[in-house]
Amino acid sequence: MSILEEIMADPENAAFTQKGWQPIFSAPTTAKIVIIGQAPSRKVQDSGIMWHDASGDRLREWLGVDETTFYDSGLFGVIPMDFYFPGKGKSGDKPPRAGIAEKWHPRLLAQMPDVELMILIGAYAQRYYLDLSPKDTITATVKNYAHYLSRYFPIVHPSPRNNIWLKKNPWFLQDVVPALQTTVHNILK
């Protein structure tokens, strides 16, 4: 049984499987970069294509890669903190379910032995993978991205909902995005 089939057969995911939903992830054995975000949007869940929404367009821009490189090169893996759209909350989507990353990420990452960089998008991925204290903010974590290199590169979520944050923190587009593009380019060349 493949990991995809195991995820779908997991009793924790029965409600999603009964809806006919596929878990959203990609773990090609040739991946050099893995993107770990929160959970698929409803649009992504419906299309079955990771980062196939406005957030994905911005993410590829920040990475400095086109759609063909992102989707078809086999150089990018995508493992969200939860494989399914979690539903709508009061201010955006609900958080990913607890325990999903602990259960499945080690196995998926083991399938990708050549990964050189994990891009951690948002607080859930950063809190799971980085040794952060409860006082560490996403702003401070992203601003200090170099501290987590060469294995991890923390960034904010590329959602249009973060436009206010981006305006308040111009250093992100001025300093962090160029560093991210350089890091990605050096790995992919």
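Tutor: On a 1 Å grid over the protein atoms alone, a pocket is an open set of points with protein on both sides within 12 Å along at least five of seven lines, where a 1.4 Å probe fits. Grid points are joined across faces, edges and corners, and a volume is the space filled by probe spheres set on the points. The model is predicted, so local features need pLDDT of at least 70 and side-chain atom pairs count only at pLDDT 80 or more, while totals for chains, interfaces and linings use all residues. Residues are numbered from 1 along each chain as its sequence is written, and side-chain values use heavy atoms, with hydrogens and water left out.

The largest pocket has a volume of about 870 Å³. Its lining, meaning residues with an atom within 4 Å of a point, comprises 33 residues, and Gln38, Ser55, Asp93, His157 and Ser159 lie nearest the centre. Helices (H or I, at least four residues) and strands (E, at least two) are DSSP runs numbered from the N terminus. Two or more lining residues come from each of α3 (42–47), α4 (54–63), β4 (92–93) and α7 (123–129). Of these, α7 gives the most, with three residues.

By class, the lining of the largest pocket has 18 nonpolar, ten polar and five charged residues. Here Ala, Val, Leu, Ile, Met, Phe, Trp, Tyr, Cys and Pro count as nonpolar, Asp, Glu, Lys and Arg as charged, and the others, Gly among them, as polar.
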